[in-house]
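This briefing covers the interface, the salt bridges, a few individual residues and the confidence of the model. Please look at the sequence and the structure first.

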Amino acid sequence: MTASVASRKCLFRPGRVLFPLAVSLGVLVAASLPAPLLASPPPATPGYGSLVEEGQASVVAVRFQLRPKERPKGGEGQKVRRLVCGVLAGPPGQIIISGDFFPDMDDGPDAMEPFDFRLVMPGGDEVPAEAIGVDRELNLAFLHASPSLIRSFRAASFDPSVQAAVGDEVIVVGLLPERYNFSKAVYPARISAVLDQPRRMYSLDIPLEDLAIGGLVLLRDGRPLGIIGEDLLSEDRIQGNAANILSLLGSSNQGPHIGYPFVFPFSVFSRSLTNPPRLKDERRETRGWLGITMQPLSRDLAEYWSISSRGGVIVAGVVDGSPASAAGLSPGDVILGVDGQELPVRETSDLAQMQRLIRSAGAGRAIPLSVWREGAVRTVEVRLSSSPVTATTAQEYEDEQFGLKARELTFDYLQSANLDRSTRGVLIIGLERAGWAQVSGLQTRDIIQKVAGEPTPDLESFRQAMEKIEKSRPREVMFFILREYQTRFVRVKADWRGR
Amino acid sequence: MRMIRISLRFFFFLTAVAAASGCAANRTSVHQSMEQMIFHARDRVFPALVHIEPILEVYQSGQRGRIAVTGSGVIFSTDGYVLTNNHVVERAERVTCTLSDKQEVTAAVVGRDPETDVAVIQLDVSQVRGKLPVAELGDSSRLQLGQRVMAMGSPLGLARSVSLGIISSLDRYLPEDQMPAGAATGQFNTWIQTDAAINPGNSGGPLVDLGGRVIGINSRAVTVFGENVGFAIPINLVHETAEKIIHHGSPQRSWLGVNWQPLKVISDGGARGQNGILVGGVVPNSPAERAGLRAGDVLVSYDGRSVAVRYEEELPPFRKMEADTPVGKTVQLGVLRDGSSVMFSAVTVERKSAEAEDFECREWGFTVRAINDEIARARNLDQTTGVIVTGIKRGSFAAEGELVGGLVIDSIDGQPIPNLDAFRQVYASLVGEKRDRVLIVTRRGSVLHFHLLKPTYEKSSPKAMDHDQDDDQEQSDDNDGPGDFHHDG
């Protein structure tokens, strides 16, 4: 033990920054070192030696591929190979990686989804793994591989009581790139900031290589502190400063989102570790839904209304028939807490916290909301329902003959388009260039209400009407549409010759 | 009239002879004769040509300002009435005219009609030295495709210019959705299209036949992807509208509230081989809806007269028939519905203008517009209450409060805003007491947004300078029309 500490002194010169160190080399050197060095006084910045060995044994390279969530016709779609650093933790065979690559169900059909996970063994063999769950809030994904096949690895033993303070020295264990056989690399760093919002996170004073993200973070005494996770940046934060973040931190932009690397201490994900949110539970039916349009409670508005909270969510709109409406919430109310938790929401980008809380509470659950209304705070209990279909999850239908793609109408679209909730029809979301529909003057955002006299209140009736037309093959078809709050007929000419 | 027809016949005759003989002498005489006719026509209208320089009030980028523009016009009565375009003198604070003999005379706006883009201004005849020249108005119903015409006016501000061309089309229909927003004219006419050069500044100027009669008012041109494609309003509609403006102050039109569509040949769905006009939609709470009309009906008779529109360029005459019905009259609408004839009675109401008053909140840095029935309908606002934010001044308190164009202001500091007058009062009182925290609640459908403005007030607010109006049209939601058609003027 002490021998190896001394050996590190040779390799790791104090004050020198960031030298990726191959572990195998370190071990070799340690073994060959003479004993007398043991007697030397404790160094100012000693090496790590076996302190990191245990940690290194839990870091693994994970390969996988990405493919479009909705595969294009006539092919699999473009596939992309990816590589990340993972950490074994929790139950046997469980590996944690960044959740960045897992599209949310709100992501459109163009989003890429990961598949074909493989763990790279020392020596290059690969062991298949399976994605079992994603913690959306922490942006962490959980894989599982057969424990018997990964005996050469050891799960990191986290202790929730381990904490760090600003200035503490830590050690990041990551991987070198593939051409160096994913050799483990350690990076000494110091905690440069301790964040408490939106949850406890530590920032480091060093840039991180791609394959250090997802790596393990140890305290100076070798105890695991946490992992390098990526705090997801919402789009409005990404705009304008993404380039800076990437160049400063050397983070990757591999997935559908952009993340900012932080140390996620074990304390924040310990619950997920033993009981990860399961991917298959991530269905619309199980997610909680409240049914409000939100605006963050800015400091200015809080001051104006004399609300002394750390933030909140202003109810800007209430969807008819929603749990919020049933609970009597109305526009202008301010939600200060959910289920006993404070809502430190100040900016638009913070609203995701509220969304996550409601979603994860789950459909069917009754939760208390702390609601400010005209100067008084009261508790309102709402029974969450499941999320209705939204524009991103709505069904679509494509008619290749007419060259148009339509989507069912959803409450959120109707709201954003300032249309009555009772509006029926299907929304044109795509037109083939120079296709029959486009040439005849149909436009995207037209709402089709009738086709050849047949009412098309929903996607299924529209599909049936179009299939009927494809059988009778008329020369022209009258579409009755709603455009800019006015109805009209559009005569669509069809040319079936050669079809 | 007679003389010009003779001379035209003469012209065509000579052309034929020249073509047959190929004789150089004949060609020369054709040209000479042609030139004589141009001179003749020029002399009859050119003296009545007016170069108009109005100062317009504009609301742009969240502030009220002024711009100086140039346009054209033509004197058509000895009282000093001048025909021009609505868009030349819309919101004019003052109008200065230069006659063709270079006398400068001020004028007053008598009335405007945005729907036809016709306006009448009146010269202060007391300022005019000598006899006021007057142009004769022709009959636009007797025009012919290919007929020679001259455009007179001030293209690009170049006063007293004349260009020559022919009538390229007489039944040009410019659908509303292809016109710039707020300039949805051409409801009641097809346009005279000409290849006589028409440029910005020609607006309001006369299109003249070789007999020296005004047969149209030049109004617009394709300026982006086109050349020699100009459009004039037929003079008969201009004249009729001008008379109504002069005598009643407004065009006074009737309205039923139907989105009329041509009934083209329909090879499927029940209307095979029929004539009529398709009801594309009915406006809620309109006379047509009250009468019981609904989308899909086919109108076959209007107040006892058979009607049919097969192509969209046939729509304007029918719309004009509807508009010319006396306001408040009960009209019988003969309708085919599901194969059987049904008769409906509807009482017409006055067709209302979409024009609404604007207001500048200089201290807070934004502009608003009153909401009238037309605006409420076009934006599906559930009630005609509130005011619409039309523009935000860059860097203003309103911009910091994240106010954006297009939102409807519902309340200010808890005080409801039912209309522009209420808005003005609340604004004045809050500015008067130098309120430094102002909560503005805006609405889009049923969703509210809360904006906190934190204005500070200077001792004397500096007079706003007119900045370059062209380069910062930010956040105005009124400039989103398609780019193909542009106002000249």
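Over all chains, the structure holds 47 salt bridges, a salt bridge being a side-chain nitrogen of Lys or Arg within 4 Å of a carboxyl oxygen of Asp or Glu. Side chains of opposite charge can pair when their charged atoms come close. This is a predicted model, in which local features need pLDDT of at least 70 and side-chain atom pairs count only at pLDDT 80 or more, while totals for chains, interfaces and linings use all residues; side-chain values use heavy atoms, with hydrogens and water left out. Residues are numbered from 1 along each chain as its sequence is written, and chains are lettered from A and ligands numbered from 1 in the order in which they are written.

**Salt bridges within chains**

- In chain A, the side chains of A:Asp196 and A:Arg200 form a salt bridge with an N to O distance of 2.8 Å.
- A:Asp196 is partly exposed at a relative accessible area of 46%, and A:Arg200 is partly exposed at 25% (buried means under 20% relative accessible area, exposed over 50%, partly exposed in between, with a 1.4 Å probe and protein chains only).
- In chain B, B:Glu115 and B:Arg351 form a salt bridge whose closest N and O atoms are 2.6 Å apart.
- B:Glu115 lies in the loop between β6 (104-113) and β7 (118-123) of chain B, and B:Arg351 in the loop between β22 (349-350) and β23 (358-361) of chain B, so this pair ties together parts that are 236 residues apart in sequence. Helices (H or I, at least four residues) and strands (E, at least two) are DSSP runs, numbered from the N terminus.
- B:Glu115 is buried, with a relative accessible area of 18%, and B:Arg351 is buried at 17%.
- B:Asp303 pairs with B:Lys329 in another salt bridge, with the closest N and O atoms 2.6 Å apart.
- That pair links distant parts of the chain, 26 residues apart: B:Asp303 is in the loop between β18 (298-302) and β19 (305-306) of chain B, and B:Lys329 is in the loop between α6 (315-324) and β20 (330-337) of chain B.
- B:Asp303 is partly exposed at 28% relative accessible area, as B:Lys329 is at 33%.
- Salt bridges that share partners join B:Glu57, B:Arg64, B:Arg66, B:Arg91, B:Glu93, B:Asp358 and B:Arg369 into one network.

**Interface of chain B and chain A**

- The contact (heavy atoms within 4.5 Å) takes 34 residues from chain A and 32 residues from chain B.
- About 2,500 Å² is buried between the two chains, 51% of it on carbon and sulfur atoms; buried area is the accessible area (1.4 Å probe) that two parts lose on being put together, summed over both.
- Two salt bridges are found across this interface.
- B:Lys454 forms a salt bridge with A:Asp300, where the closest N and O atoms are 2.9 Å apart.
- On the side of chain B that touches chain A, β16 (258-262), β17 (277-282), α7 (373-379), β28 (438-444) and β29 (447-453) of chain B each supply at least two residues.
- By class, that side of chain B has 13 nonpolar, ten polar and nine charged residues. Here Ala, Val, Leu, Ile, Met, Phe, Trp, Tyr, Cys and Pro count as nonpolar, Asp, Glu, Lys and Arg as charged, and the others, Gly among them, as polar.

**Two buried residues**

- A:Asp135 sits in strand β5 (residues 126-135) of chain A and is buried, at 10% relative accessibility.
- The side chain of A:Asp135 makes a polar contact with the side chain of A:Ser272 at 2.5 Å.
- Apart from neighbours within four places in sequence, A:Asp135 is in contact with A:Leu140, A:Phe142, A:Ser272 and A:Pro277.
- B:Ser396 lies in the loop between β25 (387-392) and α8 (397-400) of chain B and is buried, at 8% relative accessibility.
- The side chain of B:Ser396 reaches the backbone oxygen of B:Lys393 at 2.8 Å.
- Not counting residues up to four places away in sequence, B:Ser396 touches B:Trp364 and B:Gly365.

**Confidence**

- The predictor gives the complex an ipTM of 0.84 and a pTM of 0.76.
- Chain B has a mean pLDDT of 86, and 84% of its residues reach 70 or more; pLDDT is the predictor's confidence in each residue, from 0 to 100.
- Over residues 267-271 of chain B the pLDDT is below 50, and this stretch has nine contacts in the model beyond near neighbours in sequence.
- Residues 466-489 of chain B also stay under 50 in pLDDT, and the model has 71 contacts for them beyond four places in sequence.

Note on methods. A polar contact is a pair of N or O atoms within 3.5 Å; within protein, one must be able to donate a hydrogen and the other to accept it, and residues adjacent in sequence count only if both atoms are side-chain atoms.
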